[in-house]
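Keep the viewer open as you read.

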Amino acid sequence: MFSWVKQEQGGRNKEGEMYQTVTEGLQTLYTKKLLPLEETYLFHDFHSPALEAADFQSKPMVLLVGQYSTGKTTFIRYLLEQDFPGMRIGPEPTTDGFIAVMYGENEGVVPGNALVVDPKKPFRKLNAFGNSFLNRFICSQMPNQVLQSISIIDTPGILSGEKQRISRGYDFAEVLRWFGERVDRIILLFDAHKLDISDEFSEAIKAFKGQDDKIRVVLNKADQVDTQQLMRVYGALMWSLGKVINTPEVVRVYLGSFWAKPLQNTENRRLFEAESQDLFRDIQSLPRNAALRKLNDLIKRARLAKVHAYIISYLKKEMPSLFGREKKKEELIMRLPEIYTILQREHHISPGDFPNVAKMQDMLQHYDFSKFPSLKMKLIESVDKMLATKIAVLMAMIREEESKQPPAMVSGGAFEGSQDGPFGQGYGEGISAGADAEDWIVSREKHRYDEIFYMLMPVNGKITGVNAKKEMMNSRLPNTVLGKIWKLADCDHDGMLDDEEFALAQHLIKIKLEGYELPTELPDHLVPPSHRKNPTADALYNHSED
């Protein structure tokens, strides 16, 4: 079934196409199946420039967007744990352009005009935004372990006011939209003292429409407020975002203080640590999911290209052959919402696949509809076939590649700091408490558990499941959880509990009530001494008892 993509033999399909990797397969499918449709119906003029080889082969990219002085550049510095060329940090608007922070053997800066002619970089199509943009765009290259896995895009601090928006000299929202379509993760940064969303910031967020799955929100500098204020700040932020991001789901917001300086307010330290680890895990997963993200973006692009072809060909079909072209053109532009509904019914297209009506109407003003191409079903069928069969084969290839290679993860920099050792998240807490102690941690509370145990009338040193159940039910934990605790505590699987097993069960209940998760298997350090295979364990336990 998958003979055309066999990796070991360089599998071929009927058309002689050969795919060694998923990236190569995506690039070939785009070039041979989707690109002809895009070029025929002027897709690149209306929506997005053509994709190039570098777009498929580039590392995952993270785009940072936020108002000035919210800590975007500091966030990058925090992840890399070193300064990067072109970096400027300050309370005033310091980053006045776009900086692509990428891996390079030699440290240095590549200016924008040189960057857009480099075929190895995925920025060639930014040439369309002109010199005003390119003069404010640089690539900062440096040898850093984090950058071997991902690239990071720093953006200018977003300001409020009409004057600042006009003085940029290029379409800021369109540049963000271009990046939004190509990056793997979009991080919106907010300051705990700067929650207002200005008009330009609102436009910037709206430019990411259709990329909702890539957006994450970071509430930075959260250590500068106390718990009560943080609760109010978080609520205000969610309210502000709800007015701009029009989705029924709540956006994931990470709280923390992302710089390597002491926390000003330590009462939420555990929360900040948990949130930062969640964010790090999300970023670390990007290389592993990069091929899947590119596949997903190609499918979205193909669906939009198909819809665009239907719109263009419909407008061509409705144009008169000789007279009244201008009048008919104006009428068709006015009727565009109605045309969307007609095409939706005729071709069974989801309303969410259609481009923005107002933007489409504005762009159509500059084209001669009579020169538009008619509908070529062969091109549409080629894309349909790609979506129906060949995309599924690439999905299988992704799973195959994942099974053969170790999962790619971002490493180095801040990602190494707290994974292992005593400062790792959850170290010495919950189920791992007592892992490095000489005594059995349960023995510290065993005298209390023994009082309960002997009140349950043990027979031959053990209590039955019925008696144990009555006591364990007092915790009010669900039966599913208590059942798991029973399996973990009944070390000899005899359906009864001795005094050590009962103490262990009580210890596990305490762990669960404190909000920690239970393991699937009992860790070695929690196994009761009398049930261990190591004879020195009893000696250690007896010594601690003495």
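## Strands around S5

Strand S1 (residues 61–66) and S5 run parallel and are joined by three bridges. Strands here are DSSP runs of E with at least two residues, numbered from the N terminus, and two strands pair if DSSP finds at least two bridges between them. Within this pairing, methionine 61 stands opposite serine 151 of S5.

S5 also has three bridges to strand S2 (residues 98–103), this time antiparallel; aspartate 154 in S5 is the bridge partner of isoleucine 99. Along S5 (residues 151–154), Ser151 and Ile153 point one way while Ile152 and Asp154 point the other, and all are buried (under 20% relative accessible area; exposed is over 50% and partly exposed in between, with a 1.4 Å probe and protein chains only).

## About the model

This is a predicted model, in which local features need pLDDT of at least 70 and side-chain atom pairs count only at pLDDT 80 or more, while totals for chains, interfaces and linings use all residues. Residues are numbered from 1 along each chain as its sequence is written, and side-chain values use heavy atoms, leaving out hydrogens and water.

## A loop residue

Glutamate 107 sits in the loop between S2 and strand S3 (108–111). With a relative accessible area of 55%, glutamate 107 is exposed. Its contacts (heavy atoms within 4.5 Å) include Gln82, Pro85 and Met142, leaving aside residues up to four places away in sequence. Proline 85 is 22 residues apart from glutamate 107 along the chain, yet their C-alpha atoms are separated by 7.3 Å.

Technical notes: Helices (H or I, at least four residues) and strands (E, at least two) are DSSP runs, numbered from the N terminus.
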